[in-house]
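Dear colleague,

Here is the structure I said I would pass on. My notes on it follow below.

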Amino acid sequence: MLSEEQILEAYKRIGKNIAKARKERKISQLALSLEMGYKSVSLVSFAEISLKGAHFNITHLFQISIILNVPLIELLDGVQDIIDMSVAE
């Protein structure tokens, strides 16, 4: 079973992956937010760094994958390692 700390670490990893993919494509947080249907950068900016418990949900990941033209698996890179660590404990 994943601990709260491991889940938070997974959210942080996903946020970092999204920020990296977004920056590589030279897309601002605002542009990504607008493409996702939001009027401000709050969700994207908070979720990229897991601020105040914010995180991307599966629908967000699908949208971001399409908008950034990035395979979904790339956005989840490293999360399996966190899961594997919980199994080993």
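A salt bridge is taken here as a side-chain nitrogen of Lys or Arg within 4 Å of a carboxyl oxygen of Asp or Glu. By that criterion the structure holds 3 salt bridges. Please keep in mind that this is a predicted model.

Salt bridges

One of them pairs R22 with E48, with 2.7 Å from N to O. R22 belongs to helix 1 and E48 to helix 3 (residues 42–48), so this pair ties together parts that are 26 residues apart in sequence. R22 is buried, at a relative accessible area of 6%. E48 is buried too, and its relative accessible area is 6%.

E24 takes part in a salt bridge with K20, where the closest N and O atoms are 3.9 Å apart. Both E24 and K20 sit in helix 1, 4 residues apart, which is about one turn of the helix. With a relative accessible area of 47%, E24 is partly exposed; the cut-off for exposed is over 50%. K20 is exposed, because its value of 53% is over that 50% cut-off.

E24 also meets R25 in a salt bridge, at 3.6 Å from N to O. R25 counts as partly exposed, with 31% relative accessibility. Through shared partners, the salt bridges join K20, E24 and R25 into one network.

Helix 1 and helix 4

Helix 1 covers residues 4–24 and helix 4 covers residues 58–68; the two pack at an angle of about 20 degrees, and their axes are 11 Å apart. Angles under 35 degrees count as roughly parallel, so helix 1 is roughly parallel to helix 4. Their crossing is left-handed.

Which residues make this contact? From helix 1 they are I14, I18, A21 and R22, and these meet L61, I64 and L68 of helix 4. By class, the residues of the contact divide into 6 nonpolar, no polar and 1 charged.

N17

N17 is also placed in helix 1. Is N17 buried or exposed? N17 has a relative accessible area of 14%, and since buried means under 20%, N17 counts as buried. Leaving aside residues up to four places away in sequence, N17 touches E74, L75, L76 and D77.

Regards

Key:
Residues numbered from 1 in each chain as written. Predicted model: local features only at pLDDT ≥ 70, side-chain atom pairs only at ≥ 80, totals over all residues. Heavy atoms only, no water. Axes fitted to C-alpha atoms, helices over the stretch in contact; angles between N-to-C directions. Parallel < 35°, antiparallel > 145°, perpendicular 65-115°, else oblique. Left-handed = near helix turned anticlockwise from the far one by under 90°. Contact = heavy atoms within 4.5 Å. Nonpolar A, V, L, I, M, F, W, Y, C, P; charged D, E, K, R; others polar. Buried < 20%, exposed > 50% of the residue type's maximum accessible area, 1.4 Å probe, protein only.
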